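User: I am new to this structure and would like to learn how to read it. Could you take me through a few features, one at a time?

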Protein chains: 2
Amino acid sequence: MYHAVVLCGGSGTRLWPLTRQAMPKQFLSLTTERPLLVETIARLKRLAPPERIWLVGGRAHERLMREMAAELPAENVIVEPTARDSTGAVGLAMARLLRRDPEAVFTAFHSDHIIANLAQFDAAVRLAGSLAEGGPIVNVGVAPRYPETGYGYVERGAVVASRDGVAAFKVVRFVEKPNAERAAEYVRAGNFLWNVGLFTWRAAGVRALLTEHLPGSVERFERSEALLESDPDGALEAFAGLPRISIDYAILEKATDRVVVEADLGWLDIGDWAAVYAASPKDADGNSLPDGSVAIDTRGTLASIGRPGKLVATIGLEDVVVVDTDDALLIARRDRSQDVKRVIDALRERGLERHL
Amino acid sequence: MYHAVVLCGGSGTRLWPLTRQAMPKQFLSLTTERPLLVETIARLKRLAPPERIWLVGGRAHERLMREMAAELPAENVIVEPTARDSTGAVGLAMARLLRRDPEAVFTAFHSDHIIANLAQFDAAVRLAGSLAEGGPIVNVGVAPRYPETGYGYVERGAVVASRDGVAAFKVVRFVEKPNAERAAEYVRAGNFLWNVGLFTWRAAGVRALLTEHLPGSVERFERSEALLESDPDGALEAFAGLPRISIDYAILEKATDRVVVEADLGWLDIGDWAAVYAASPKDADGNSLPDGSVAIDTRGTLASIGRPGKLVATIGLEDVVVVDTDDALLIARRDRSQDVKRVIDALRERGLERHL
């Protein structure tokens with residue numbers, strides 16, 4: 001059977017100060033009125049019944065996950081004993097699914113991505129699910145819109161299937177974040193896609209790859225999973241012995257049978273405030289400001305204000321991002337949004353962890 | 001006897017959103033840790049004993065005035081029954097002082113100005129006080145530092161006295177806010193001063209001028225003053241019949257015997273956020289930010305943050321003013337600080353008086 005697994009981890013500092021360690025962006029409403037995780041679950045309910053939609057995330061976010069997954073069975077929220085990168089989350093989900101359904105096929109979904117084109121999304125996930133039953137690991141790619149250096153790319157080969165307006169190709173290779181020159185080449189070449197992830201695979205296939213490439217890990221995953229609710233300490237002990245390693249590095253790079261489904265998802269990974277601005281509705285001056293703001297000679301400016309009813313007034317601003325929360329205020333040139341990480345570093349250095 | 005009268009009126013929107021109708025700037029700490037009114041009272045206590053220092057202000061600010069004037073006798077806080085421009089405040093003070101001290105000489109001080117050079121201030125006020133005993137109305141002027149068009153100017157004539165490093169001159173004429181060309185002429189001419197105000201006069205002289213130029217007003221001031229504590233309604237009735245008129249227009253322009261004391265006061269009237277910036281301590285990058293702020297590639301920027309402990313982070317800003325309060329946030333180019341009044345106008349138009 002097909003299952004949808006939503007990975008809810010993520011440190012949540014790229015959209016600081018709105019996102020925090022305790023409140024990563026998947027739990028926030030950024031461009032719609034619903035939190036990204038709630039949007040994600042709503043999207044998946046069209047592809048799988050609630051009992052086959054799973055969330056995996058950390059103890060610190062358990063309450064938020066349960067709130068937002070209120071329509072799912074309680075046992076479908078899997079709380080990791082501790083963080084062990086994406087391999088930890090995928091391995092734990094694998095173990096739980098396999099115990100219920102030896103034939104399980106699942107996609108690992110991001111909890112915090114925006115998908116505008118639902119028809120293509122549905123078609124891509126369905127095609128990936130049916131292809132994965134036959135053995136390959138299937139990911140999803142989108143045509144690159146510009147030479148982004150912050151994403152991974154995937155080179156597609158021969159067509160292996162097509163259905164409902166989406167096509168699947170053999171994967172020639174994955175390329176991690178390229179430099180600008182390479183990225184430009186990939187965009188020109190026409191057979192490179194942005195790697196969106198959304199890996200779909202047989203749970204048993206993941207187990208076999210882990211057995212082969214990460215010896216001892218399967219035992220730990222299965223023991224942790226079995227003890228998760230009944231013996232948290234035992235589960236933690238088993239889990240804590242796992243390495244911190246990304247699933248890409250652990251098994252994906254080593255797999256040989258790989259397929260990519262190309263789809264026009266209207267996909268957006270909101271990685272910084274410039275991306276939030278890009279995805280937000282804007283007025284005639286290109287501003288995205290709270291209702292009732294007073295904007296004088298202001299253009300291209302985004303304001304995210306936590307406190308309801310708080311008034312924003314701007315004078316003479318251009319391309320600025322303003323993010324106001326109760327205990328922190330960020331004002332940045334929009335094209336410097338990536339430098340929020342320098343703010344985070346500075347706060348860590350000064351021991352101001354309470355603001356993270 | 002010499003008395004110091006502090007005029008505590010003022011609508012308080014030029015430094016919005018920090019200043020409000022309910023909290024004009026004289027009650028706030030802007031460039032030091034003490035509110036401007038507290039600084040003003042401290043300055044005056046060196047020139048007059050507490051029982052001869054008076055505050056005049058509106059009902060809406062009575063509590064604030066009394067808090068900040070805790071060291072003065074309670075009866076020295078004069079609360080106007082309603083607002084009648086500066087003539088209302090000066091006339092009421094005149095009536096109260098005359099009842100106590102027919103020979104009273106007093107200076108009307110601003111409650112919200114900054115004076116850096118106390119020695120010159122003391123000398124100027126003392127010289128003004130002693131000259132005013134002889135009859136003239138004495139104001140204080142400072143040498144113009146640049147052709148400001150937002151101030152009034154005073155043309156000085158022949159020297160009439162000098163003492164303790166300050167000199168007094170006959171006033172040739174007062175000029176209201178000039179245009180840029182005229183202002184430049186005045187600065188070049190060398191015999192024009194910025195009019196700081198600080199008018200010093202005999203209470204009996206003010207009474208005579210009001211009798212002559214604003215018929216009926218003296219009766220209303222004296223009746224209001226007599227009823228102020230015992231019969232607030234009666235005091236209001238008498239006071240409300242007075243015209244709304246500035247003391248400059250009511251009597252100063254019509255007086256003939258006028259003297260100006262020139263002094264190097266280190267004077268600053270904090271009229272907008274650019275002026276607050278100018279008067280605030282700054283770091284090596286010209287920023288005036290709260291302790292603990294993270295400023296990346298930021299220059300010439302001021303942040304005023306109401307909430308203690310709230311963190312400010314800036315990236316790539318130049319010459320920006322940020323003013324954060326619980327219910328409003330202003331971000332403006334520093335050289336557009338004067339346009340705060342456009343924000344105020346917009347809020348009035350929209351009926352958002354709660355933010356004023």
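This is a predicted model: local features need pLDDT of at least 70, side-chain atom pairs count only at pLDDT 80 or more; totals for chains, interfaces and linings use all residues.

User: What rotation superposes chain A on chain B?

Analyst: Chain A is laid on chain B by a rotation of 179 degrees, with 0.0 Å of shift along the axis and an RMSD of 0.1 Å. That is how a two-fold axis relates two copies. Both copies use the same surface, as 100% of the contact residues of chain A recur in chain B.

User: How many residues are in contact between the chains, and how much area is buried?

Analyst: In this model 38 residues of chain A are in contact with 38 residues of chain B. About 3100 Å² is buried between the two chains, with 63% of that coming from carbon and sulfur atoms. Leu311(A), Ile315(A) and Ile331(A) supply 23% of the area that chain A buries against chain B, more than any other three residues.

User: Which polar links cross the interface of chain A and chain B?

Analyst: The rule finds four salt bridges there, along with 22 residue pairs in polar contact. Of the elements on the side of chain A that touches chain B, β16(A) gives the most, with six residues. For a salt bridge, look at Lys310(B) and Asp324(A), whose closest N and O atoms are 2.5 Å apart.

User: Where does Lys310(A) lie, and which residue does it pair with?

Analyst: Lys310(A) forms a salt bridge with Asp324(A), at 2.7 Å between the closest N and O atoms. Lys310(A) is in the loop between β13 and β14 of chain A and Asp324(A) is in strand β15, so the pair ties together parts 14 residues apart in sequence.

User: Are Lys310(A) and Asp324(A) buried or exposed?

Analyst: Both are buried. For a second case, take the salt bridge of Lys45(A) with Glu71(A), at 2.6 Å. Here Lys45(A) is partly exposed, at 33% relative accessible area, and Glu71(A) is exposed, at 55%.

User: Which residues of helix α6 in chain B are buried, and why do they line one face?

Analyst: The general idea is that an α-helix has 3.6 residues a turn, so residues three or four places apart point the same way. In α6 of chain B, the buried residues are Ala203(B), Val206(B), Leu209(B) and Leu210(B). Down the axis of α6(B) they fall within an arc of 125 degrees, so they line one face of the helix. The buried residues of α6(B) pack against several elements of chain B, including α3, β4 and α7.

Technical notes: Residues are numbered from 1 along each chain as its sequence is written. Chains are lettered from A and ligands numbered from 1 in the order in which they are written. Side-chain values use heavy atoms; hydrogens and water are left out. Copies are superposed by least squares on the C-alpha atoms of residues with pLDDT of at least 70 in both. Contact means heavy atoms within 4.5 Å. Buried means under 20% relative accessible area, exposed over 50%, partly exposed in between (1.4 Å probe, protein chains only). Helices (H or I, at least four residues) and strands (E, at least two) are DSSP runs, numbered from the N terminus. The arc is that of the directions from the helix axis to the C-beta atoms. Buried area is the accessible area (1.4 Å probe) that two parts lose on being put together, summed over both. A salt bridge is a side-chain nitrogen of Lys or Arg within 4 Å of a carboxyl oxygen of Asp or Glu. A polar contact is a pair of N or O atoms within 3.5 Å; within protein, one must be able to donate a hydrogen and the other to accept it, and residues adjacent in sequence count only if both atoms are side-chain atoms.
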